[in-house]
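I looked up contacts, cover and linings.

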Amino acid sequence: MRTLISNGTVVTAAGSYPADVLVDGELIAQVGANLAGSVGVDDTIDASDKYVIPGGIDVHTHMKLPFGGTFAKDDFETGTRAAAFGGTTSIVDFAVQSRGKTLREGLDAWHALAEGNAVLDYGFHMIMSDVNDESLKEMDQLVEEGIPDFKLFTAYPGVFYSDDAAIFRAMQQTTKNGGLILMHAENGPAIDIVAAQLVAEGNTDPYYHGVARYPVFEGEATNRVIRLAEAAGAPVYIVHLSVIDALNAVRDARDRGTAAFAETCPQYLFLSLEDMGDGFNGAKFVCSPPLREKDPNWAELWTGLRKNDLQVVSTDHCPFDFHGQKELGRGDFRKIPNGLPGVEDRLDLLHDGGVVGGHISKERWVEIVSTEPARLFGMYPRKGAIAVGSDADIVVYDPARKRTISASSHHMAVDYSCYEGRSVQGASDVVMSRGSVVVRDGQFTGTKGAGRFIKRGTADYARMA
Ligand code: URP
Ligand code: ZN
Ligand code: ZN
């Protein structure tokens, strides 16, 4: 199958230019002017007045994550299908090592969830719940198998929490095997004290989830894990960074020359603590780290993205229905499953708020939603590029089309949207995964199970810092 995408503006992290793109089979065969005469073209997509961008890569999703006695609603079929509608063509999901089990058992379970179900290509990070001699050895094997990153938590005591010794040991291991430690950096034990005090005082509404998780608890943990990484001589990546206290810790580290990287998420750029204030409705916005005060955090996060102290915007997609799941925490915010839906809306929110809103260029937009995730997570230039030989994961993007976000029209398997009624400018017209059109003009044309496991490499983190 040969497809010609004609008359578009190719937008990459490095620059934008008018060009046609010829796709042959699963790969990009040619990028250049006037390819209209190419022989043997089966399908032509007119991209006049549209951007032609590498498909989005969301390196932080949780399909079917077990949390608080329930499971995130999206599975690999519904979640990747929704991602495709939003112009994302690859995800990296978090496989979970349960306490007392091996990394291998967790990984096998995630392969079983994804294989035959995902409509898009997918990779895995590994959540480590037990750091011991066995699991440290297993890390080396996983790096070999294309799972080179491991998430540890300073939050959620009794669940995913690791102490400093465990984190330090895992970091030391990555200095030997070339992998990367991803850190959820919030001081969980301190948060639990404040949360218990708030509940004892009768402050049980979702809003107090946000109150209990002080910004300094994220700032302190971020600084601590970066210092531990420096001591181990390891690179480190801070996930879902939400607040200026943590951003400053990353900035300071990068100024010292440390290979410290960080992502933020749309919810920290477009939603705030105020959204959590509407009685139990606020449960729709319960995630960790929590939503923060708008000022000065939103502006600082945009500055961080512009200046490359933040390299990636992922979603931390982890949807729970309001009815029946978030409701588990009525009367005690600590029992609300943590996480928000978002995999479908990332590109459009970032285009609307970031590019149209004047915070970032369209080239930086492509960089933070696709190219840099590919580079940092060992997929570049196979993914994240419009270049000859790259996978034909391509989005024909209409920068002018407006749409309204709503649970009534989204494709995520969840009964609400955090952005209900919000109008955004910019939408995906055609989405291609390895040369196959998976979404065209609002219709899904992909195939359950067509997604393949992405065996990822390590990256040269020191050079990328
Ligand atoms: O609230 C969140 N972020 N839920 C998903 C689990 C995690 O910590 O990433
Ligand atoms: Zn986390
Ligand atoms: Zn997460």
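How many nonpolar, polar and charged residues does the shell around ligand 1 have? I get five nonpolar, seven polar and two charged residues. I count Ala, Val, Leu, Ile, Met, Phe, Trp, Tyr, Cys and Pro as nonpolar, Asp, Glu, Lys and Arg as charged, and the others, Gly among them, as polar.

I note that this is a predicted model, where local features need pLDDT of at least 70, side-chain atom pairs need pLDDT 80 or more, and totals for chains, interfaces and linings use all residues. Residues are numbered from 1 along each chain as its sequence is written, chains are lettered from A and ligands numbered from 1 in written order, and side-chain values use heavy atoms, without hydrogens and water.

I listed the residues around ligand 1 (a heavy atom within 4 Å). There are 14, and Lys 151, Tyr 156, Ser 288, Asp 316 and Asn 338 are the closest. For polar contacts I took pairs of N or O atoms within 3.5 Å. A polar side-chain atom of Lys 151 is 2.9 Å from a ligand 1 oxygen, and one of Tyr 156 also lies 2.9 Å from a ligand 1 oxygen. At Ser 288 a polar backbone atom is 2.8 Å from an oxygen of ligand 1.

I then searched for cavities (1 Å grid over the protein atoms alone, points where a 1.4 Å probe fits but cannot get out; lining residues have an atom within 4 Å of a point). Ligand 1 takes the space of the largest cavity. I find 16 residues in the lining of the largest cavity, with His 62, Phe 67, Tyr 156, Asp 316 and Asn 338 nearest its centre.

Methods. A polar contact is a pair of N or O atoms within 3.5 Å; within protein, one must be able to donate a hydrogen and the other to accept it, and residues adjacent in sequence count only if both atoms are side-chain atoms. On a 1 Å grid over the protein atoms alone, a cavity is a set of points where a 1.4 Å probe fits but cannot get out, and a pocket is an open set with protein on both sides within 12 Å along at least five of seven lines; lining residues have an atom within 4 Å of a point. A molecule sits in a cavity or pocket if more than half of its atoms lie within 2 Å of its grid points.
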